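Dear colleague,

Please find below the structure that I am handing over to you. My notes on it follow directly after.

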Amino acid sequence: MDILKRTHASLLIEEAGERLLIDPGSFEEPLADAHGITAVVITHEHPDHWSAEQLDRVREHSPRARFFGPAGLVAAAADFPVEAVSAGESVSVGAFNLRFFGGSHAVIHPSIPVIDNVGVWVNERLYYPGDSFAVPEGIAVDILAAPAGAPWLKISEAMDFVTAVGPRRVFPTHDAVLSAIGRGFADQRLGEVTRAGGGEYFALIAGDTLSV
């Protein structure tokens with residue numbers, strides 16, 4: 001499995017010659033190559049996790065790609081053929097087995113409504129939580145994409161999340177809102193708790209690929 005970290009909260013995963021795209025939002029650069037995408041998973045409806053322009057590009061270059069997301073995303077992206085998924089469901093598409101967890105976005109502020117969010121476990125290896133600290137119960141996570149910076153996030157919460165999941169390997173995501181200094185701070189703290197749990201931390205930046 002090759003995991004390409006993109007600009008903010010998006011990942012491009014390659015396995016057995018197929019490609020899975022997660023959360024291609026408005027903070028991301030357009031994919032240089034949108035061909036050969038088997039599926040797109042969108043964890044929730046916030047624009048930093050999806051945009052019509054990004055999905056149009058996928059649909060143009062990979063017309064057979066399937067799109068998955070929670071009910072709130074299905075409503076928000078009504079012009080696209082998004083298949084609704086929720087926590088507890090599993091889907092197999094091409095080389096990818098997808099199992100969904102969570103169900104709700106982390107609380108940003110009591111004045112802001114909580115929306116649907118699903119985390120996704122890819123091929124029983126990589127767990128990507130979207131904007132949530134919901135711990136995926138009953139599974140052993142090999143690789144965790146850990147949120148590093150957001151309006152809904154304190155670094156202590158992200159550290160507790162890593163500790164609770166107990167993965168073998170961790171890398172940061174959701175970090176375009178951080179400066180270089182802030183990203184380094186997040187890497188330091190997330191790395192500390194990862195190693196304390198016996199895991200390995202990878203301080204990936206946009207454009208880096210983790211091959212496992």
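In strand 4, Val-40 is the residue that stands opposite Leu-21. Please bear in mind throughout that this is a predicted model.

Leu-21 belongs to strand 3 and is the bridge partner of Leu-12. Strand 2 and strand 3 run antiparallel and are joined by 5 bridges. Together they form a hairpin with 2 residues between the strands, and Ala-16 in the turn has a positive phi of about 55°. Towards strand 4 the pairing of strand 3 is parallel, over 4 bridges.

The nonpolar cores

The largest nonpolar core comprises 27 residues. Ile-13, Leu-98, Val-122 and Phe-171 are those with the most contacts inside it. Two or more residues come from each of strand 2 (11-15), strand 3 (18-22), strand 4 (37-41), strand 7 (90-93), strand 8 (96-104), strand 9 (116-122), strand 10 and strand 11. Leaving aside neighbours within four places in sequence, Val-122 is in contact with Met-1, Ile-13, Leu-20, Ile-22, Phe-96, Asn-97 and Leu-98. Another core, of 22 residues, lies apart from this one; Leu-144, Ala-150, Leu-190 and Val-193 are among its members.

An open sheet of 7 strands has the order 7-8-9-10-11-12-13, with mixed pairing. Its edges are strand 7 and strand 13 (200-201), each of which has a single partner strand, so one side of each is left without a neighbour in the sheet.

Within strand 12 lies Arg-169. Is this residue, Arg-169, buried or exposed? With a relative accessible area of 15%, Arg-169 is buried, because the cut-off for that term is under 20%. Not counting residues up to four places away in sequence, Arg-169 touches Arg-125, Asp-142, Ile-143, Leu-144, Glu-200, Phe-202 and Val-212.

Helix 3

Helix 3 covers residues 155-165, and its buried residues are Ala-158, Met-159, Phe-161, Val-162 and Val-165. Seen down the helix axis, these buried residues fall within an arc of 155°, so they line one face of helix 3. The face turned away from that buried side carries the exposed residues Asp-160 and Thr-163. The cover over the buried residues includes strand 10 (126-128), strand 11 (143-147), strand 12 (169-173) and helix 4 (180-196). After helix 3 comes Gly-166, with a positive phi near 65°.

Aromatic pairs

Across the whole structure, a search finds 4 aromatic pairs. In the pair of Phe-133 and Phe-161, the ring centres are 5.5 Å apart and the planes lie at 50°, so the pair is tilted. Phe-133 lies in the loop between strand 10 and strand 11, and Phe-161 in helix 3, so the pair ties together parts that are 28 residues apart in sequence. Phe-161 is buried, with a relative accessible area of 3%. Ring pairs also link Phe-133, Trp-152 and Phe-161 into a cluster.

With kind regards

Technical notes:
Residues numbered from 1 in each chain as written. Predicted model: local features only at pLDDT ≥ 70, side-chain atom pairs only at ≥ 80, totals over all residues. Heavy atoms only, no water. Buried < 20%, exposed > 50% of the residue type's maximum accessible area, 1.4 Å probe, protein only. Arc of directions from axis to C-beta. Contact = heavy atoms within 4.5 Å. Core = buried A, V, L, I, M, F, W, Y, C linked by side-chain atoms within 4.5 Å. Pairing = 2+ DSSP bridges. Phe/Tyr/Trp six-rings, centres within 6.5 Å; stacked < 30°, edge-to-face > 60°.
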